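Student: Could you take me through a protein model slowly, showing me how to read its features?
Tutor: Let us look at the model together.

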Amino acid sequence: MERVVDLGGVAAVLAAQTVGWRSAGLEVGQVTWRDAEASWPQLLQTDRARVHDPDSVGVVISGPGEAELSVVLFRGGWADVDFIASLDDAGSLPASDITSPTDFEARMNQWVARVFRMCGGA
C-alpha cells in the first residue's frame, strides 16, 4: 500500500486533540495501530513500539446519548469513518484523498462536530 499519509503525524494530531475532546465531555479511547507485516488476522495494537510497519491508525470517541465515532485512517489516504449520533442517525461518512496530518485534523474536526453536536457534545 502506498504511503500517502504520515501515520505518526496523525497520531500526534489525535494526541493533541484528545485534551479538548475530553474537556468537552467526550471519552477518547486509546489509539490503535495495525501492522502491515503481521500475519492474518492482523491484531490491533495500542503500543506503537509493537508495530513494525504501520498501515493504519484508529480511535473511537464516545459521547452523550451513546453517540460514537470510530475512525481508522489507512496510510494510503482513506479512512473508515463510522458513527452513531442517535438512534435515527447512524452510518458511514465519506473519507478519501486524505493527504496529510493537517488534512486529517480538519476532517476529524468536521466528523466530531457532525456526530457530537447533535447530542449536545463538542
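The dialogue that follows treats the core, the helices, a strand and some loop residues.

Tutor: This is a predicted model, in which local features need pLDDT of at least 70 and side-chain atom pairs count only at pLDDT 80 or more, while totals for chains, interfaces and linings use all residues. Residues are numbered from 1 along each chain as its sequence is written, and side-chain values use heavy atoms, with hydrogens and water left out.

Student: How many residues does the largest nonpolar core have?

Tutor: In soluble globular proteins, nonpolar side chains tend to be buried together. A nonpolar core is a set of buried Ala, Val, Leu, Ile, Met, Phe, Trp, Tyr and Cys residues joined through side-chain atoms within 4.5 Å, where buried means under 20% relative accessible area, exposed over 50% and partly exposed in between, with a 1.4 Å probe and protein chains only. Here the largest such core has 31 residues, and L69, L73, F104, M108 and W111 have the most contacts inside it. At least two residues of this core come from each of α1 (7-23), β4 (54-62), β5 (68-74), β6 (79-86) and α2 (101-116), the helices (H or I, at least four residues) and strands (E, at least two) being DSSP runs numbered from the N terminus.

Student: How are α1 and α2 packed?

Tutor: Two packed helices are described by the angle between their axes and the distance between the axes. Axes are lines fitted to C-alpha atoms, for helices over the stretch in contact, and angles run from 0 to 180 degrees between N-to-C directions. For α1 and α2 the angle is about 35 degrees and the axes are 9 Å apart. Contact means heavy atoms within 4.5 Å, and the residues of α1 that meet α2 include V10, V13 and L14, with F104 and M108 among those on the α2 side.

Student: Which residue of β4 is the bridge partner of R34?

Tutor: Two strands pair if DSSP finds at least two bridges between them. Strand β2 (residues 32-35) pairs with β4 in the antiparallel sense over four bridges, and the partner of R34 in β4 is S56. With strand β3 (residues 44-45), β2 pairs in the antiparallel sense over two bridges, and there the partner of R34 is L44.

Student: Where does E66 lie, and is E66 buried or exposed?

Tutor: E66 is in the loop between β4 and β5, and E66 counts as exposed because its relative accessibility is 73%. Although E66 is not a glycine, its phi is positive, at about 65 degrees.
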